[in-house]
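User: Hi! I am new to reading protein structures. Could you walk me through one, feature by feature?

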Amino acid sequence: MKLKTKTYLSVLAAFAVTGAQASSSLSFTSWGGSYQEAQEKTAVKPFGIANKVDIKTDAYNGGIAQVRAQVQTKNVTWDIVDMQLSDVIRACDEGLLEKINPDIDLAKDKSGKPAKSDYLPGAINNCMAGNISWSTILVFNKDKFKGSQPKTVADFFDLKKFPGKRALRKSPEGALEWALIADGVPPAQVYKTLSTQAGVERAFKKLDTVKSSIVWWEAGAQPPQLLADGEVTMASAYNARIYTAIMNDKKPFEFLWDGQLKNIEGYVIVKGSKNVAAAKAFIKEATKPQALADLATSTAYGPLRKSAVSLVDPKVGKYLPTAPEHQKGSLDVDPLFWADNADALNQKFAVWLGRK
Amino acid sequence: MNFPAYTNLWGKLAKYLHVIYSLLILVFLIIPIIVIIPLSFNSEPYFTYPMPGLSLKWYEAFFTSPVWISSLKNTLLVGVISTLIATVLGIMASLGLMHPRLQRLAWLKGVLMSPMIVPLIITAVGVYFAFSPIGLSNSLLGLILAHSALGVPFVIVTVTATLAGFNETLTRAGRILGASPLQCFFQVKLPLIAPGVISGALFAFATSFDEIVVAIFLTSADQRTVPRQMWSGIREQLSPTILAVATILIVMSTIMLITLELLRRRTERIRSGSL
Amino acid sequence: MTNSTYTETLTSAEAKVLKRNLRKSERFGLYKALLLILPLFVFLMFTFILPIGSLLFKSVTDDVIPTEWPALTQSLAAWDPAKKQLPDSQTYSNLVVDLQKSIEDDGNSRVATRLNFQQSGMRSLIMKTMRHLDGMDLKDAKQSLIDADERWGQIGTWTIIKFSSQRLTFDYFLNAFDYTRDEFGNVVHNAPADSLYQDVFIRTIVVSLTVAVLCVLIAYPVASFLAALPSKFSNPLMILVLLPFWTSFLVRTTSWIVMLQTNGPINQFLLELGLILKPLELIYNRFSVLVSMTHILLPYSILSLYSVMKGISPVYVKAARSLGAGPIKAFFNAYFPQTLPGVVAAGILSFILAIGYYITPALVGGADDQLASYYIANHVNTTLNWGLASALSVLLLGGVMVLYIVFVRMTGGKGMKLG
């Protein structure tokens, strides 16, 4: 028994040691998968080598629960986190993030213009330095529609003209917007309509028409898989996942740019991080136009700095959510709307899902 | 089959149906486990028969993936340490529980057994709320502590069961012959209740090895365990590598089952034998 | 004096000492036993009992608003929305004071998040009001606040804040039963489009009950078959029960996903036999949930029925038959009653285990097959409404505890047997 206690204690000690080491190095947390691999290749490793910093990486699935737990327990193990704007707004409001001053903390563009004016509107705030714009987008399998191909969001809801199952993310976000667009609401009016009781009912009514044909997905890797397996003919997906499937795996997928829902993603620093200075230095490097362009080239996510657009590989350019030709019919996801309404709409959505 | 004299034709038919039904259900129980083993050797990433060819590449994918290997290490580490804690604490408590006055206290045993009864999600959420503020979430230590608690009831059930069949006069004999209480325990009692201890420890280990709900709440990327990794793998994309992992787990459970069976026989021998 | 017998037993000093020593050693034995249990007790206290207690605590307490907005909390405690009048001007100025004080440490945002659980838009109302704080006159707080947003002139807004600022609250339990409060603080049932949890609990019970009944019905004949066989035959067959029992449930769930897939072995088999023309939808619905959960829990039922049946002597049935009872009558009168404790034990055990299931329905079920556990996990991880998650957990835990007590009573306090 003494021996066992000893092993136990030595294990405890081992944990204490690794814990101590972790706080002396920079940590970088993102979404895992090919996106994080691209970030590590274009930003994390170069910065680590140039500055002789040991950068530890971690992956998460979004949300602010983990950041909140770390800040509240004063046990901050993450420094830099790649967060989506709606989470940033909540985390920033709750005081979970360090402040970032674009004038000091971010690099100017080549012509010397300050970062603030180089960024797309809404892509920076006092907690976040934006990096890319991604979109949730409708896609289809070309092989399944040899004749006429779907062109609009309304076609996604048209089971007669374009038969087959659909895959949608198991979340009111996206589903409700598309339902309204398909029902004839212009994109600019979507959130105004959704703010009313009648608008929400209208959206659910539209969703009712396809409910029995929907396969709900939860992880980003599922939709390309569902399309490839023939389980569904059309799906909502993250644009880069489909881009990879088209470019690397040569899948017969096609984007339906109509109704693409654009989101903003950015870097934040967790409040109470022991490495704020190093984290800021990293963010300054990683949001330079060239760095953003490199990330865009390898992921097909749109860079959020205007001066980065021309630096992106032209072969990728036409796949970027921010490309000018894809803006007609596109919609910026309104993080403030979702911050206010997510609780209630999640509940309504769950009730709706549970009903036959 | 031999039938009693009073059995008529219908009775015989019913008997045969009973046998066939039971065998079919036993096949139903085992078939899902059998079906995925060959598929893990499929050379193509499909889940249908016949298979175009055989290959070990999914096993190679498992053993060469740093993510899977580190989760295997984490699982084993958590499993072994939590089993040790659960076994030591469980044996001690079982010895105490044999006291006649404590045996009447139903609530005490109820408390000690409660980790087995409470739904895992509730344990997981409770532990997550309680461990986060003291820095035990996102750490293997937190998972080890929680898994130890989950393993304890199994040790208590098996050890108290073997202790019930233990003849106390042997300890007294040991004491009279001059052994200290500790000596008595380690040299007389422990060897005799060893089968119960080992099977309890096996149950505790299997519980930790299989546990996923607490792991979902208490671990992040650095502390992934095999079930946790399987869970995200299944949700994202069911690849044949998962079937390879599943096959490895089936082999492990078979080994545990055989060990347990051997122990059971040994206990039976001891019970019916000289002691 | 009547102490003749009394003195006889106690005059002997040795007897007295002996008795004392005996009692002492008995007491010593008890202390030793307690001491042996103590480490585990303390360990479980820390790793299990207290965490679950904290859950209980979280479901009925709420200190965000009392902590961040103490002055307002106090003045709202005295205000009664049922009188259908807005709070007094002191309450309004207390709100302004609290809002100003809590800007520094982002306390207002925590309040905003908390209030938004109760009603959409509360979050932006607080944020918007914060931007209007500059230069707000405390004397004129009421009018300035209403000017900033008309919702400050509505009783309902204040009702929400009042009931969210109770330190001790049962409102999370109201929510967990699909009840809420109206504008004047009366408890009312949610609109149908917002009523979720009654259905969830009913669904959880229906699914668990179906699984438990299926398990017992399927297991009964198998267990009686195995129990009647001589161990030479039953032992090898028992492996077919024990191997699934020992196999990770995640592995078994995985194999059901593989088997039931649209292009999985079962569909392929049926297609090749020509029994169906296009693949059946076997997965992501109630059917797949019931099949996989029954498969996972069946070994428990077989094992607990088997252990009871093994102890029943075949003599009774033989006697009944030879006394002239038909096979059906013999079964129901002589055999079945003796197996009843096993049936009850197997049924309750499967039900208790099924009711807490999360992983299997999440992996093989559709959107309308998720059980209570799923919603608890969702509130902890995604919506962050921990109070509601705790209340749902407490309800689930209460149900299981009641069942477990029934189970212990029925099985004569022996509880579960393993191996």
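User: How much of chain B counts as buried?

Analyst: A residue is called buried if 20 or more other C-beta atoms lie within 10 Å of its own, exposed if 12 or fewer, and partly exposed in between, with C-beta atoms placed from the backbone. In chain B, 46% of the 275 residues count as buried. Keep in mind that this is a predicted model, where local features need pLDDT of at least 70 and side-chain atom pairs count only at pLDDT 80 or more, while totals for chains, interfaces and linings use all residues. Residues are numbered from 1 along each chain as its sequence is written, and chains are lettered from A and ligands numbered from 1 in the order in which they are written.

User: What is chain B built from?

Analyst: Helices (H or I, at least four residues) and strands (E, at least two) are DSSP runs, numbered from the N terminus. Chain B has twelve helices and zero strands.

User: How does the radius of gyration of chain B compare with that of a compact globule?

Analyst: The radius is taken over C-alpha atoms, and the globule rule is 2.2 Å times the number of residues to the power 0.38. For 275 residues a compact globule would come out near 19 Å, but chain B has 24 Å. Its C-alpha trace spans about 75 × 70 × 35 Å along the principal axes.

User: How many residues do chains A and B bring to their contact?

Analyst: Two residues are in contact if their C-beta atoms, placed from the backbone, lie within 7 Å. Here 19 residues of chain A meet 17 residues of chain B. On the chain A side, the largest share, five residues, comes from α1(A). By class, that side has ten nonpolar, six polar and three charged residues. Ala, Val, Leu, Ile, Met, Phe, Trp, Tyr, Cys and Pro count as nonpolar, Asp, Glu, Lys and Arg as charged, and the others, Gly among them, as polar.

User: Which domains does chain A have?

Analyst: Domain bounds come from an automatic or database domain assignment. Chain A is divided into domain 1 (2–131 + 267–324) and domain 2 (134–263 + 327–354). Their centres, taken over C-alpha atoms, are 28 Å apart. The contact takes 13 residues from domain 1 of chain A and 14 residues from domain 2 of chain A.

User: Where does helix α12 of chain C bend?

Analyst: A bend is the angle between axes fitted to the seven residues ending at a residue and the seven starting there. Helix α12 (residues 231–246) of chain C bends by about 30° at C:Leu240, and C:Pro244 follows within four residues. Both C:Leu240 and C:Pro244 are buried.
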